[in-house]
Amino acid sequence: MYNLSSEAKKILLFTARKTLENSFDKKESTQKILDDIKNKLDDRLYNEISIKCGCFVTLHKFGELRGCIGTFRNDKKLYEVVSNMAIQAAFHDPRFSALEKDELKDIEIEISVLTPMERLENFEDIVIGRDGLYVRKGFYSGVLLPQVATEQGWDKNQFISYTCMKAGLPPDIWKKDEIELYRFSAIVFSERDF
């Protein structure tokens with residue numbers, strides 16, 4: 001698991017918010033924002049936010065989900081991925097209309113920094129609160145972050161079933177059919193933490 005200092009978490013949250021603010025104002029390019037952030041950091045902090053890993057950015061408005069998109073790809077620096085996923089969550093989550101500028105003041109940003117996925121052979125190995133799940137069968141796939149099962153009060157069976165449903169599959173398919181199931185962990189932090 002990666003280690004992120006409190007300072008690094010604040011910088012990543014700042015990166016997401018600054019990217020969203022700029023998406024409305026268009027005062028400067030996203031690359032300039034990222035370069036400015038990078039140039040103000042010492043080597044230790046820059047190295048922390050530059051690990052190559054996936055992440056999800058979740059937007060909440062008055063405690064309700066307002067957008068959430070992420071990637072497991074690990075070929076870009078974390079702060080760049082955070083910036084990109086903030087835009088995706090705000091404007092491209094198909095479950096929601098695009099974020100409006102006047103909503104931004106009411107948005108709370110949450111970031112989930114992901115570990116690499118690990119194939120699960122035994123459903124009993126799932127640890128609620130630690131593991132997120134990714135399920136795949138044919139062209140169908142779905143993911144739920146580790147905090148979802150805890151927030152919903154689900155047990156392991158419910159967690160797998162809801163992940164299958166997120167993939168567009170029947171909730172009980174995992175009991176009778178072969179699926180690919182992976183787990184991952186996440187460092188989860190939010191603007192409310194600071």
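**Group meeting: a sheet, a core and one glutamate**

Okay, let's start with strands E5 (residues 132–137) and E7 (residues 180–184), which run antiparallel and are joined by five bridges. Strands here are DSSP runs (E, at least two residues), helices are H or I runs of at least four, and both are numbered from the N terminus. Within that pair, tyrosine 134 has tyrosine 182 of E7 as its bridge partner.

Quick caveat: this is a predicted model, where local features need pLDDT of at least 70, side-chain atom pairs count only at pLDDT 80 or more, and totals for chains, interfaces and linings use all residues. Residues are numbered from 1 along each chain as its sequence is written, and side-chain values use heavy atoms, with hydrogens and water left out.

Now, the core. The largest nonpolar core has 36 residues, and Leu12, Val57, Ile109 and Ile111 have the most contacts inside it. By that I mean buried Ala, Val, Leu, Ile, Met, Phe, Trp, Tyr and Cys residues joined through side-chain atoms within 4.5 Å; buried is under 20% relative accessible area, exposed over 50%, partly exposed in between, using a 1.4 Å probe and protein chains only. H4 gives the most to this core, nine residues.

Last, glutamate 103. You'll find it in the loop between helix H4 (78–91) and strand E3 (107–114). Buried or exposed, this glutamate 103? Glutamate 103 counts as buried, because its relative accessibility is 9%. Its side chain makes a polar contact with the side chain of arginine 66, at 3.0 Å. A polar contact is a pair of N or O atoms within 3.5 Å; within protein, one must be able to donate a hydrogen and the other to accept it, and residues adjacent in sequence count only if both atoms are side-chain atoms.

Terms used
Pairing = 2+ DSSP bridges.
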